[in-house]
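Hi everyone, thanks for making time this morning. Let me put the model up on the screen, and then we can walk through it together.

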Amino acid sequence: MNKVILATTVFGMSVNDLRIQLALKTVAEAHSHFYEIVIVDGSPVDSGIAEAFSAVSSLVHVEREIPFDKQIASGMGASRRQCISSAFNRGADIVVWLEP
């Protein structure tokens, strides 16, 4: 059976941001179906967002976005490549991209 890992990126200033709330619901739903999910978080470190995702599911893998000065290319494309690469590095045969 193929290993499927879900993948997405997030950015928000607070756990209360609508996009973050939708992403948290997506993670909870993925957890209920036993899917692993990789999230690359570009939010400020002190926002508590990465911790909120980790608290929702033991199957979530949150990575900080590679800092701009360490990226070959910056922006949304770079964080998506990081996310998809991470999913494959975790043994995914299939990566499903999500936009919560």
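Let's begin where Ile37 stands opposite Val60 in β3. The strands here, β2 (36-41) and β3 (60-64), pair in the parallel sense over five bridges; two strands count as paired if DSSP finds at least two bridges between them. Helices (H or I, at least four residues) and strands (E, at least two) are DSSP runs, numbered from the N terminus. From β2 the chain crosses through α2 to β3, and this β-α-β crossover is right-handed. By that I mean that, with the strands pointing away from the viewer, the path from the first strand over the helix to the second runs clockwise.

A quick word on the source: this is a predicted model, where local features need pLDDT of at least 70, side-chain atom pairs count only at pLDDT 80 or more, and totals for chains, interfaces and linings use all residues. Residues are numbered from 1 along each chain as its sequence is written, and side-chain values use heavy atoms, with hydrogens and water left out.

Now, the core. In soluble globular proteins, nonpolar side chains tend to be buried together. I'm calling a nonpolar core a set of buried Ala, Val, Leu, Ile, Met, Phe, Trp, Tyr and Cys residues joined through side-chain atoms within 4.5 Å. Buried means under 20% relative accessible area, exposed over 50%, and partly exposed in between, with a 1.4 Å probe and protein chains only. Which members of the largest core touch the most others? Of its 13 residues, they are Val10, Ile20, Val27, Ile37, Ile39, Phe53 and Val60. At least two residues come from each of β1 (4-10), α1 (18-32), β2 and α2, and α1 gives the most, with five. There is also a second, separate core of seven residues, including Ile5, Ala7, Val38 and Val40.

Over to α2 (49-56). Ile49, Ala50, Ala52 and Phe53 are buried there. Why do they sit on the same side of α2? Because they cover an arc of only 160 degrees around the axis, taking the directions from the helix axis to the C-beta atoms. Among the elements that cover the buried residues of α2 are β1, α1, β2 and β3.

Two serines next. Ser57, in the loop between α2 and β3, is buried at a relative accessible area of 5%. Its side chain makes a polar contact of 2.6 Å with that of His31. A polar contact is a pair of N or O atoms within 3.5 Å; within protein, one must be able to donate a hydrogen and the other to accept it, and residues adjacent in sequence count only if both atoms are side-chain atoms. A polar atom of the Ser57 side chain also lies 2.9 Å from the backbone nitrogen of Leu59.

Ser43 is in the loop between β2 and α2, and it is buried too, with 1% relative accessibility. The side chain of Ser43 has a polar contact with that of Asp41 at 2.6 Å, and one of its polar atoms is 2.9 Å from the backbone nitrogen of Gly12. Beyond four places in sequence, Ser43 is in contact (heavy atoms within 4.5 Å) with Val10, Phe11, Gly12, Ile49 and Arg64.

Most residues other than glycine have a negative phi. Phe34, in the loop between α1 and β2, is not a glycine, yet has a positive phi of about 65 degrees. Is Phe34 buried or exposed? Exposed, with a relative accessible area of 70%. Thanks, all!
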